[in-house]
Amino acid sequence: MSAGETTVDHVDEYQLINCIATGTHSQIWEVAESGGEHFAMKLLLPDAFRDPAQRRVLKHEARIAKMLRHPGLIRFHKVVVDKHHAYFIMDHFRAPNLKQQIQSDLPAVQLRFRKIVESTCLALQHMHDLGWAHRDVKPDNILLNRNSEIRLIDFSLALRIASGLGKLLAGKSKVIQGTRTYIAPETIKRESSTARTDMYSLGVTFFEILTGRPPFLANSPNDLLRKHLGEAPPAPSHVNPNVTPEADRAVLRMLEKKPDKRFRDLNEVFSEFRNIQPFKQEVESKVMRQAAEDAREQEAASLGVRISSRGDAFRTQQQQDDVEAVPEAAPPIEPPPARDANSRTPERPRPRPRPASVPVPPAPDHDDLPFMDELPEIN
């Protein structure tokens, strides 16, 4: 198939195998090259392809990804933007994102909390050392596999970190970009992004791993922004009492409203968490509990078979030893005594039915807004 040609199941020389995710402007596909090697493709949807701004965003993300060479960052291969389509090719890292795993088995994620802290801090620090801020750090953009390896993805919002004179001349941003649940206060105020901007978003992510929910919940997007600006976050242990005071202090420092009050960099964050215990008691995942239950059931079933086998062998031996033994007849069943109409048998109290658990409705989700054109006045 020649370059530039698109069919239902092919884009250029890549066969479309499986659609992994669909967003507002693009899709992520598992694709196979003609040689059989599998990759992931970020492909602009038709409407986005016709928008020059979206094509620029795709090329911007590809340009940044091409510079990044770290085991915790998704590896980029090539970008194609022509008159037929726009896409780029990256490694296909077979793993669900952290958001999905928090929702499906939070304890399993908590068991790997230390590894997640190490990998995310080192990957983001690599970006910061090269002078870039990710600006959209959240569980949705962190892939985690069974071996506790992570890949940070989606560099579409990444920007140069302004420093020195450039920071003074940068002024306020005209457009606010980010995800409301994880957005840093300085971003809401249209100030320049720094490494500590990513640190705040990572702090929200760590809070969510420790507790199962982000620090701020609100009934409207504007209320959520106000909380980021002016409301002190709760300590993680207020939501999950199993979190240690040391983990509380570390996360709350990452969530300071003023960037200067946060850690110096993510190397310091990693060092802090490396020296503390995040949980008071050991966490057990649903997978571990289910495996233990399965083992107990198998053991009980095996024990039952062994007991039955011993009983059968005993009865067989007894029959051989006493072939003339005749089993006794079962005693006749006597009818129950007639009930006197005037007598009452006290009824046994029936057990009171346990109330069914009422599911708690999830908090409104405002995370699907990675681009915010205007910010209302926040008092």
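Select helices α11 (residues 245-254) and α12 (residues 266-274): the crossing of α11 and α12 is left-handed, a term that applies if the near helix is turned anticlockwise from the far one by less than a right angle, with clockwise giving right-handed. The model is predicted, with local features requiring pLDDT of at least 70 and side-chain atom pairs counted only at pLDDT 80 or more, while totals for chains, interfaces and linings use all residues. Numbering runs from 1 along each chain as its sequence is written, and side-chain values use heavy atoms, leaving out hydrogens and water.

**The α11 and α12 pair**

The axes of α11 and α12 lie 10 Å apart, at an angle of about 165 degrees. Axes here are lines fitted to C-alpha atoms, for helices over the stretch in contact, and angles run from 0 to 180 degrees between N-to-C directions. The two helices, α11 and α12, are therefore roughly antiparallel, a class for angles over 145 degrees. Helices are DSSP runs of H or I with at least four residues, strands are E runs of at least two, and both are numbered from the N terminus.

Next, display the side chains at this interface. Ala-250, Val-251, Arg-253 and Met-254 of α11 are in contact (heavy atoms within 4.5 Å) with Glu-268, Val-269, Glu-272 and Phe-273 of α12.

**Helix α8**

Select residues 195-211. At 1.5 Å a residue, the 17 residues of α8 should span 24 Å, and its end C-alpha atoms are 25 Å apart, which agrees; the expected span is 1.5 Å times one less than the number of residues. Of these 17 residues, 16 are buried. At the start of α8, a side-chain oxygen of Thr-194 comes within 3.2 Å of the backbone nitrogen of Arg-196. Just after α8, Gly-212 has a positive phi of about 95 degrees.

Inside α8, centre on Asp-198. Asp-198 is buried, at 0% relative accessible area. Which side chain makes a polar contact with that of Asp-198? The partner is His-128, at 2.8 Å; a polar contact is a pair of N or O atoms within 3.5 Å, where within protein one must be able to donate a hydrogen and the other to accept it, and residues adjacent in sequence count only if both atoms are side-chain atoms. Beyond four places in sequence, Asp-198 also touches Leu-124, Ala-133, His-134, Arg-135 and Val-137.

**Helix α2 and the whole chain**

Move to Ala-65 in helix α2 (residues 52-67). Ala-65 counts as buried at 4% relative accessibility, and touches Phe-76 and Phe-155, not counting residues up to four places away in sequence.

Finally, zoom out: the protein chain holds 13 helices and 12 strands, and 41% of its 379 residues are buried.

Key. Buried means under 20% relative accessible area, exposed over 50%, partly exposed in between (1.4 Å probe, protein chains only). Angles under 35 degrees count as roughly parallel, over 145 as roughly antiparallel, 65 to 115 as roughly perpendicular and the rest as oblique.
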